[in-house]
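Have a look, then read on.

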Amino acid sequence: MSRNVGATALTVAVLAAGLAVALRDRLPERGTAAGDPSDVFWEMIDVSREGASDAYLDLFAGEVREQLETVRDEMGEAAFQQYLRQRIAGLKGVAVTDREELGDTVRLEVEYVREASYETQSLDLRVARGQWRIVALGPTQEREPPVPYGTPVAPPN
C-alpha cells in the first residue's frame with residue numbers, strides 16, 4: 001500500500017512540475033522589473049541584423065515562440081539566420097508609432113520603412129520569465145508611400 005502512495009505522489013509531483021513549465025510563458029508576472037516593452041522591439045531589430053536566432057527566439061513566448069521554433073527547425077539554422085538578416089537588410093527606418101495598455105498586455109504598433117514601401121504591424125507583449133516577451137504578432141500591412149523614400153526634393157521654381 002505504501003508503495004502505491006509513493007508512486008502516486010511521485011506521479012502527481014511530476015505532473016505538477018510539467019504543468020508549471022508549460023504555463024510559465026503564458027501566465028503574466030506581477031511586480032517585476034521587466035523594463036520598457038518597446039525595448040524588445042529594438043532588440044528584435046538588432047538580433048535580426050546579426051542573424052542571432054537563439055537571441056531572436058528568446059524575445060518571444062507561448063505559441064508564437066513555438067511556431068517560430070518550428071519554422072527554424074524546418075528551414076534549418078543557417079537558412080533561418082539568413083532569413084532574419086534579409087528581413088532587416090532593406091530597411092531604411094523603423095519606429096514604434098503607438099502603445100496601448102491592455103491589462104497585462106501591451107500592444108505596440110510598429111512601422112518598417114523600405115525604399116518603395118512601408119509596413120505596419122502590431123506586437124502584443126507580456127511579462128514572461130521576468131522579461132517582456134512578444135506573445136502575438138498582428139498581420140503585416142504593406143503600403144506604398146505617396147513619395148518613395150529617398151526621392152530628391154526639388155526647390156520650387
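What follows covers the pocket and then the aromatic rings.

## Ground rules

This is a predicted model: local features need pLDDT of at least 70, side-chain atom pairs count only at pLDDT 80 or more, and totals for chains, interfaces and linings use all residues. Numbering runs from 1 along each chain as its sequence is written, and side-chain values use heavy atoms, with hydrogens and water left out.

## The largest pocket

The largest pocket holds about 280 Å³ of space. A pocket here is an open set of points on a 1 Å grid over the protein atoms alone, where a 1.4 Å probe fits, with protein on both sides within 12 Å along at least five of seven lines; lining residues have an atom within 4 Å of a point. The volume is the space filled by probe spheres set on those points.

Its lining has 16 residues, with Tyr 56, Tyr 83, Arg 87, Gln 121 and Leu 137 nearest the centre. Helix H5 (77-89) is among the elements that give at least two residues, and H5 has the largest share, 5 residues.

## Aromatic rings

Count Phe, Tyr and Trp rings (six-membered ring for Trp) as paired when their centres lie within 6.5 Å, and you get 5 aromatic pairs. Phe 41 and Trp 42 make one that is edge-to-face (planes over 60 degrees apart), at 5.0 Å centre to centre and 70° between the planes. Tyr 56, Phe 60, Phe 80 and Tyr 83 form one aromatic cluster.

Note on methods
Helix = DSSP H or I, 4+ residues; strand = E, 2+ residues; numbered from the N terminus. Phe/Tyr/Trp six-rings, centres within 6.5 Å; stacked < 30°, edge-to-face > 60°.
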